[in-house]
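The sequence and the structure are shown first.

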Amino acid sequence: MFIDLPLDELHAYRPPLPEPPGFDAFWRRTLDEARTHDLDARFAEIDTGLALLNCYDAEFAGFGGHRIRGWFLLPRAAAGPLPCVVQYLGYGGGRLLPHDWLLWPSAGYATLVMDARGQSGPNRPGDTPDPAGYGNPGVPGKLTQGLLDPDDYYYRRLYTDAVRAVEAARGHDAVDAERIVVAGHSQGGALALAMTGLVPGLAGALIDVPFLTHIRRAIEVTDAGPYGELSRYFAGARGHIDTALRTLDHFDGLNFAVRATAPALFGTALRDAVVPPSTGFAAYHHYAGEKELEVWRFNAHESGGGEQRAAELSFVRGVVG
């Protein structure tokens, strides 16, 4: 069933921004602190049996200097500095294995897949612990970690890791630093959207059903998926709701959208109960850069699936060649 506003209302939906005082100063301080740690990006080549790719076990210093794992994949036959897609993961997703990320290197692009600290996938654990949280990667449950203070919130660390991933990609000799595209679905879409407001000079962004966007509305219209963690928390933490919402405002995709400069392709699905479509439309309408939107009328959180990926391939060819 359709779970949100009618399509004609979605096309006009532009809610007020939830921008907290000092938003820019908060993120400037956060990233300045992260950059006091040497990025120390490392790429160790590994044998994966993929004859057409060079594959590397990647790591770099993220928030707090904590080591963040990932994969770096290069098409073996490509020459010269390449455009690079920095790929972010959905909620609870580990980095999996190199052969799980063949789309972008098969299209001729360098690819950096960033593991999500403290998260694990359904078939393979993540490989990046969260020293500031619960340590080793585990099952989802991140939305309430440190929720009463923006400085302590889990997503302050994850968003910072995502910025540092772009910096690691830009510093690799095989990458054209001027042709970086950020990409992700759901939580990955949230990270890609945040990067458009935090990282200058991106060539493009692929923002599919972005989570953590228009959060105050999302928790009013759905209990599905990760947002349900907040609903359950608020049911017991009655005296802390306003404080928690103010923290969440520091991480809301709408506030990054209005600061964006990179061209972006959005995706949204009208039957998505995990990321309600009104939240994605809100981000799209506030997005300050050039933008396109794919609307999948009868799909849920899977969005457009292969058709969305095809649209993304076409978009990336248009922005980086």
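In helix H10, Pro277, Ser278, Thr279, Gly280, Phe281, Ala282, Ala283, Tyr284, His285 and His286 are buried, where buried means under 20% relative accessible area, exposed over 50% and partly exposed in between, with a 1.4 Å probe and protein chains only. The model is predicted: local features need pLDDT of at least 70 and side-chain atom pairs count only at pLDDT 80 or more, whereas totals for chains, interfaces and linings use all residues. Residues are numbered from 1 along each chain as its sequence is written, and side-chain values use heavy atoms, with hydrogens and water left out.

H10 spans residues 277-286, and ten of its ten residues are buried. Its cover includes helices H1 (7-10), H5 (187-198), H6 (215-221) and H9 (253-257), together with strands S8 (264-269) and S9 (291-296). Contact here means heavy atoms within 4.5 Å. Helices (H or I, at least four residues) and strands (E, at least two) are DSSP runs, numbered from the N terminus.

**The sheet**

Nine strands make up an open sheet of mixed pairing, in the order S1-S2-S3-S5-S4-S6-S7-S8-S9. Strand S1 (42-46) and S9 are at the edges with a single partner strand each, so one side of each has no neighbour in the sheet. From one strand to the next, the twist averages 20°. Two strands pair if DSSP finds at least two bridges between them.

S2 (residues 53-61) and S3 (residues 67-75) run antiparallel and are joined by nine bridges. Their hairpin has five residues between the strands, and Gly64 takes a positive phi near 70° there. S3 also pairs with S5 in the antiparallel sense, over four bridges. Seven of the nine residues of S3 are buried. The table gives residues that stand opposite each other.

| Residue | Opposite residue |
|---|---|
| Cys55 | Leu73 in S3 |
| Asp57 | Trp71 in S3 |
| Trp71 | Val113 in S5 |

Helix H4 (residues 154-170) lies across S1, S2, S3, S4 (82-87), S5 (110-114) and S6 (175-185), and runs at about 155° to S5. Such angles run from 0 to 180 degrees between N-to-C directions, with axes fitted to C-alpha atoms, for helices over the stretch in contact.

**The second largest pocket**

The second largest pocket has a volume of about 170 Å³. Its lining consists of Leu50, Ala51, Leu52, Leu53, Pro75, Arg76, Ala77, Leu102, Pro105 and Ser106. A pocket is an open set of points on a 1 Å grid over the protein atoms alone, where a 1.4 Å probe fits, with protein on both sides within 12 Å along at least five of seven lines; lining residues have an atom within 4 Å of a point. Grid points are joined across faces, edges and corners, and the volume is the space filled by probe spheres set on them. The lining divides into eight nonpolar residues, one polar and one charged, with Ala, Val, Leu, Ile, Met, Phe, Trp, Tyr, Cys and Pro counted as nonpolar, Asp, Glu, Lys and Arg as charged, and the others, Gly among them, as polar.
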